[in-house]
Every structure is written in C-alpha cells, then in structure tokens.
Amino acid sequence: MALIAPSILTADFLRLGDELRRAKGADVWHLDIMDGHFVPNLTFGPLLSAAVVKASEIPVECHLMVERPQDLLPRYAEAGAKRLIVHVEATPHLHRLIAQVHDLGCEAGVALNPGTPLSAVAEVGEDLDLLLVMTVDPGFGGQSFLAGQIEKIRRARDLLPNALIEVDGGIGPATAPEVVRAGADILVAGSAIFAPEADPAERIAEIRRSLHESP
Ligand code: DX5
Ligand code: ZN
C-alpha cells in the first residue's frame, strides 16, 4: 500500500504542532524547503525542520528546492531529517551530491521537475534511495496536477526497480489512484490534507479510500 506524506506547506503555521497531531494516519512528513531563488517562493529552514522532527514519531523528509544544495544539506541532516531530496536541476554534480547525502547518514532522494527528462538520473540509478517525480512546477501548493507526468512515473518504475518512487503536486483522492497504478510508492499531498476547516485525518483517510475504491 502506498505511503502518504503530507506537505505542511498549506498548514496553519501558527498552530503547526496542532496540525501535525491532527493529521493522524500520516506516514512521513514532507517539508518543502524553498529559497526564493531556485523557486520563486520562500518557506522555512532547518530550525523549523528540527522542531517538526522533535515533535513527531514518523520520519521527516526535506525536499530542498534551493540553489547550492551542497551548502545546506548538513543543516537538514543535523535537524534530524531521515531523507534529503535534492533537485537534479540544482547541480552539475549529482553523483557527488548523492554521496554527500549518504555521508551525512541520510537516505538520498532526487527530484525531477516536470520539464526534466528521466534520463537525467539514468547514470545514478543504483545510488538512489528515492526518485521524486514532480507533477507540478515546484514553488507553490495548490496547483493542478500535470497528467502528462504519469507516463514518466511508469518509465521511472521500470528504470529504478530498487528505488522508491514518490509523486508530488496536485495529489488528492482524484489523482492518487492513477499515480499509484503507474507505480508510485509515496504520495505527497499538501492542500488536499491541510486546508482551512478541513480535518487532516479525514482527508488522509479519503486519499486512502480512493486507492481501495478505484478499479
Ligand atoms: C510544490 C511542493 C509540494 C506542494 C504540494 O513545490 O513541492 O510538496 O506543497 O502541494 P499540493 O499537494 O497542494 O500540490
Ligand atoms: Zn515537495
């Protein structure tokens, strides 16, 4: 069964501890780290990430949408993240970056923007713990799912039989079944789980139900 990784991007930051406690059924916290350069948005950094790690019993992964990820990786490892996900578009030295993540004692994930071909990770397949296929252009929560990426998820599944395949962007009960059918192991969902007036636990349960109900 696919795992659900809520992104806290659209959670109520003033009540974050409460939001995390209410999101029962989450398997992994997905933290979207944005630097205002690699993507046109700024979020939070290692201090908040460490606070989430401290408050949680489930693993935390940091999705680094930043330039010069090599300079920042140690901070997120120190924060206690289990997995560090870097964008292939942010480095000419992907192999070195993956080795750095492993040396820091974390699992290594690599993310692909919608416009980046799968071949960008073909030569490092053996070293990857996880491939993150973006199904929106990164930078903001609440964008529409790019259905054209489903074929890439299928090809990723074939190319990387030993890596986890994660999908991020526009995931909810309407889109989760098709990405799981295409081979996704982990579903990141932000606005489908954390929204004003929503019960995050119920939203997670709804995504799970969609996976059972879909033919
Ligand atoms: C987008 C982020 C996603 C995003 C998901 O740049 O990487 O994790 O917050 O949000 P939704 O599920 O609302 O598309
Ligand atoms: Zn993300």
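Predicted model: local features only at pLDDT ≥ 70, side-chain atom pairs only at ≥ 80, totals over all residues.
User: How much of the accessible area of ligand 1 does the protein cover?

Analyst: On its own, ligand 1 has 380 Å² of accessible area, and the protein covers 99% of that. There are 20 residues around the ligand, of which D32, G139, G142, D168 and S191 come nearest. By class, this shell has eight nonpolar, 10 polar and two charged residues.

User: Which element gives the most residues to the shell around ligand 1?

Analyst: Strand 2 gives the most, with three residues, while the elements that give two or more are strand 2, strand 3 and strand 8 (186-189).

User: How should I read the two faces of strand 2, and are they covered or open?

Analyst: The general idea is that in a regular strand the side chains alternate between the two faces of the sheet. For strand 2, W29, L31 and I33 lie on one side and H30, D32 and M34 on the other, and all of these are buried, so that both faces are covered.

User: Which way does strand 3 run relative to strand 2, parallel or antiparallel?

Analyst: Strand 2 and strand 3 (residues 60-65) run parallel and are joined by six bridges, with I33 standing opposite L64 of strand 3. Between these strands the chain passes through helix 2 (residues 46-55), and this β-α-β crossover is right-handed.

User: Why is strand 5 described as largely enclosed?

Analyst: Buried here means under 20% relative accessible area. Five of the six residues of strand 5 (residues 107-112) are buried, so the strand is largely enclosed by the rest of the structure. Strand 4 (residues 83-87) pairs with strand 5 in the parallel sense over five bridges, and V86 stands opposite V110 of strand 5. From strand 4 the chain crosses through helix 4 (residues 94-103) to strand 5, again as a right-handed β-α-β crossover.

User: Which residue is the bridge partner of A111 in strand 6?

Analyst: The partner of A111 is L132, and strand 5 and strand 6 (residues 130-134), which run parallel, are joined by four bridges.

Terms used. Residues numbered from 1 in each chain as written. Chains lettered and ligands numbered in written order. Heavy atoms only, no water. Buried < 20%, exposed > 50% of the residue type's maximum accessible area, 1.4 Å probe, protein only. Pairing = 2+ DSSP bridges. Right-handed = clockwise from strand over helix to strand, strands pointing away. Near = heavy atom within 4 Å. Areas by Shrake-Rupley, 256 points an atom, 1.4 Å probe, with all protein chains shown as cover. Nonpolar A, V, L, I, M, F, W, Y, C, P; charged D, E, K, R; others polar.
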